[in-house]
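Below is a walk through one protein model, taken a region at a time. Have the sequence and the coordinates open while reading.

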Amino acid sequence: MSLKEFESATFDPEQYIEQLAWRTQGGDSKEGPQDFDAKTMLRAFENTIEELKLLSMRMEERTGKLDASIRAETKNHAKRVAQLQENNKMAFLHFQELDEHINKVATNVVHLGDQLEGVNTPRARAEEAKKLIEYFSEFLDDFGPKAEVFNDPFQLQEAADIIQKLQLISQELPQEQFEKPKRRIQDKYNQIEEDLITEFRSAFHEGAVDRMKELAGILTHFKGFHRCIDAFIEESQANTYIFYDVYEDLIPLCKKVNNIVHQVFSSPESVMGKFVLNLYEVKLQEHVKQKLANHEDMEHYLKDLHELYARTGRLTTALSDYRLGSDAHLLSRLTKHIFGSYLQSYIAREEMHLRDRMSENLDNYYKGMNHQKKQIQHTGGLQDLQHKLRTKTTLNIGSSGPQVDFKGETFLSQEIALNLLNESKQAFNRCQLLSNQSDLSPHAIIIFDILIEYLCIDHIDYALEIGLQGIPSSEPKNLPQTYFFNIAGEANAIFHLLEKQFSDVLVPLISSSPAHSDCVQKKKQTMEQMESKIETGLDRTLATVCGWMKYLLDKEQKKTDFRPESEEGPMRMYSNACAKVIPFIEKQVETIKRCLDGKNITAVLMEFGIRFHRVIYDHLQQFTYNSLGAMLVICDVNEYRRLVKSFKVPMVNSLFEKLHALCNLLVVVPENIKSVITGEQLSGLEKNTMMSFVQLRADFKTAKIAQQLR
């Protein structure tokens, strides 16, 4: 038993006792645990308890020694801390005494310095005045100054200081008495100023930033300091434009120049502002004029204008990180100055270009089809449509003249629509960048109106009008071509494209403007007008389809089909008339599903199914049926039921289920007719409807069915 075992963090008393009991029973021996022996277990526990008591006593002794050691160490540490605090107090007192002594000495030194300066300053000024008078006297001589300082190029800095002071003094002298020396001083002043600027240029070429800083500091006191800045701007731009595109050079150039400006000039912000001003008004403006000089190619002109303005904006953003003087709006004013004239005429050029491009796209499309666009009298709009509905006036939608066959051409193209929408999208993007905030909404509306005119009216509406003219009559004698389904599908697809651009591109430009609601209303009215024509075309197309079904049924259906004279012979699966109608209807359903989408498919198929049901219902009412004929008509109706299931319209399925149930009245034995009429399949039908079918039975009178149903 060791102390470490009990000091472990994972020590568990219960586990320790379990292990002790396990070892006592011989669990750690080769033979394994023996039978339980209480006495052995008791002795083991008693021995262990004694060992633990001894271990506890040793721990208490050890703990006592450690406590005594800690108390002794604590006392010693307290004594050391007290001694250190006392020493610190003494050091602080000595520091205060030393600080007071230093202050006294410093006061005496300052006082002595003031006395020395009071004596030296007048003497220095007198000495400087004496030298200036001597230098001035040299300018009184007709031969000019002969002092070495004015003729030694290595003393240019001293000469500049002297001539600058002499120039200030000469301005105070009367002109009549000192005209010549004043003129000589001014000439020398100009000469030294020019030499300093020449020296500044040389230092720039050599990359001697410290020398440039020194010369700029001297020239700060000269009237021609602005010439030093101009020289710096000129030299900074010399041989730096290596790209054809100026924008590629300006950013790195400005970064390089900004570093030099802050090292050389005492007022770097104003110098940097003047440098940028020169870039915009000279290099950038010249570049813009050159790029926008050709107004004949309007497409390239607008693209270049948009690109140049965008890149200038990005340049302005990049340069806004530099401090360019006190004018916070310098860059925006410079940009406005460069592009002002172009932006004023932008929207007029945009409108002209957009009309030309859209007109060209449409003209090329119709020329490619060898189609000469016809003049069509458009309907009067939504208000006119509502008025005609109220007054029950005939809706003259589409041509009232004879049918025109365009060989299945829809005169609609999603490719052309995408081209027009792409043109308008580019125009919207240019408009967003090139229009100021107050003109943004009006300009966007102009573009939207052009899009509505060419895409909706000149393209979609024209195709709908042509399509309406091509719809066969409702009583066709030849197989009708239902091209209007294709026209409706193409128009609907283009509507979706227009709607997407309206919400994605136009709405963000006008959402905060009162014109937003006007644009939404205009789009809504335009689409309602065209949807009205689509509905009219679909209605007339369905009427044509139903008319052809009637024609097929009347032509192919014989009275003997449902009342054969002889009941001998093979049973047919369906009649010839049904065989002709089914493929025709399947083709129309396939066309509807291919051309239309979403709820439009369901709506059109439901209307088609209702009309289909009415045609079959009226057709079946024309015949008399014996038992064999009734079986055949049930087979026909079963085929129709199978067909309309592909419509996936519950209402249409229900109509044909009822029709099938009515046809069952033609085959049941007379005694069961009454129970069938009252059955679940015919629930909800009027008695007259059911009786109209019962009366079609060949045995209606002979079997006295009417009497049985009373």
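**A serine, a pocket and a helix**

In this predicted model, S413 has a relative accessible area of 13%, and because the cut-off for buried is under 20%, S413 counts as buried. S413 sits in the loop that runs between helix 14 (382-391) and helix 15 (414-434). From there, the side chain of S413 reaches the backbone nitrogen of E415 at 3.2 Å. Apart from its neighbours within four places in sequence, S413 is in contact with Y365, H459 and I494.

Confidence should be kept in view here. The protein chain has an average pLDDT of 83, and 84% of the residues score at least 70. Over residues 379-401, however, the pLDDT is below 50; this stretch has 24 contacts in the model beyond near neighbours in sequence.

Next comes the largest pocket, with a volume of about 450 Å³. Its lining consists of 20 residues, and E531, I534, E535, L538 and N600 are those nearest the centre of the pocket. At least two lining residues come from each of helix 17 (484-510), helix 18 (515-556) and helix 21. Helix 18 contributes the most, with seven residues. By type, the lining of the largest pocket has nine nonpolar, eight charged and three polar residues.

The last stop is helix 25 (residues 687-694), whose buried residues are M690, M691, S692, F693 and V694. What do the buried residues of helix 25 pack against? Their partners are helix 21 (598-620), helix 23 (650-664), helix 24 (673-677) and helix 26 (705-708). Helix 21 also supplies at least two residues of the lining of the largest pocket.

Definitions and conventions:
Residues numbered from 1 in each chain as written. Predicted model: local features only at pLDDT ≥ 70, side-chain atom pairs only at ≥ 80, totals over all residues. Heavy atoms only, no water. Buried < 20%, exposed > 50% of the residue type's maximum accessible area, 1.4 Å probe, protein only. Helix = DSSP H or I, 4+ residues; strand = E, 2+ residues; numbered from the N terminus. Contact = heavy atoms within 4.5 Å. pLDDT = per-residue confidence, 0-100. 1 Å grid on protein atoms, 1.4 Å probe; cavity = no way out; pocket = protein on both sides within 12 Å on 5 of 7 lines; lining within 4 Å. Points joined across faces, edges and corners; volume = space filled by probe spheres on them. Nonpolar A, V, L, I, M, F, W, Y, C, P; charged D, E, K, R; others polar. Polar contact = N/O pair within 3.5 Å; in protein donor to acceptor, adjacent residues only side chain to side chain.
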